[in-house]
Amino acid sequence: MRVVLAEDLFLLRDGLVRLLEAHDFEIAAAVETGPELSRALAGLEPDVAVVDVRLPPTHTDEGLQCALEARRARPGLPVLVLSQHVEQLYARELLADGTGGVGYLLKDRVFDAEQFVDAVRRVAAGGTVMDPQVIQQLLSRRAAADRPLERLTPRELEVLELMAQGRTNAAIAGRLVVTERAIAKHTANIFAKLSLEVSDDDNRRVLAVLAYLDHGR
């Protein structure tokens, strides 16, 4: 699996290269600026891009914008974005095209090698991975408003949060120590209460839920 990595801090970039190579990823390019990232994504056609939000020369959201531009040119290009802090705007922009293959993790997650590598693989496979802190903020902010989310039971909220992290029904059942059938029932209730069309496609369900949670901000 070929990876384009963009990170301006040399030590972190080098560490990520070593970590990914140790787990059988091929590093197609490891760059440190926005222009270098744009060229690498356009010319190398990687299987997945791992991108720091803030890159030179602007040190704002250049990495994210380069990744979004690359996804417009190549719809569905898997992109995992790394950020120092939770920024809900970044999550909204990543999810906007609804094609999947996106992830948003805080940089702290990089230090959990197993979790980080799993996130890269899930995004590369077309899945959606959102940092738990991002999901928690979306849920909390939505609940604070007078929204249909308040119709959900505590258990349904718990299932929704795990769904939004990209977990399958089987994975949620294992996490909550209940049957997969019980999770399927909770899932159906969640979509009914939120007026969302039920889909068998897990990635589409996650995108729909996140888009709904973020609607009207």
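A salt bridge is a side-chain nitrogen of Lys or Arg within 4 Å of a carboxyl oxygen of Asp or Glu. By this rule the count comes to seven salt bridges. The model is predicted: local features need pLDDT of at least 70, side-chain atom pairs count only at pLDDT 80 or more, and totals for chains, interfaces and linings use all residues. Residues are numbered from 1 along each chain as its sequence is written, and side-chain values use heavy atoms, with hydrogens and water left out.

Select glutamate 158 and arginine 155. Their side chains form a salt bridge, 3.1 Å from N to O. Both residues belong to helix α7 (residues 154-164), three residues apart, about one turn of the helix. Helices (H or I, at least four residues) and strands (E, at least two) are DSSP runs, numbered from the N terminus. Glutamate 158 is partly exposed at 36% relative accessibility, and arginine 155 is partly exposed at 31%. Partly exposed lies between buried, under 20% relative accessible area, and exposed, over 50% (1.4 Å probe, protein chains only).

Next, select Glu7, Asp52 and Lys107. Salt bridges that share partners join these residues into one network.

Move to arginine 18 and aspartate 14, a salt bridge of 2.9 Å, N to O. The two sit in helix α1 (residues 10-22), four residues apart, about one turn of the helix. Arginine 18 is exposed at 57%, whereas aspartate 14 is partly exposed at 26%.

Finish with arginine 2 and glutamate 26, whose closest N and O atoms are 3.9 Å apart in a salt bridge. Arginine 2 lies in strand β1 (residues 2-6) and glutamate 26 in strand β2 (residues 26-31), so the pair ties together parts 24 residues apart in sequence.
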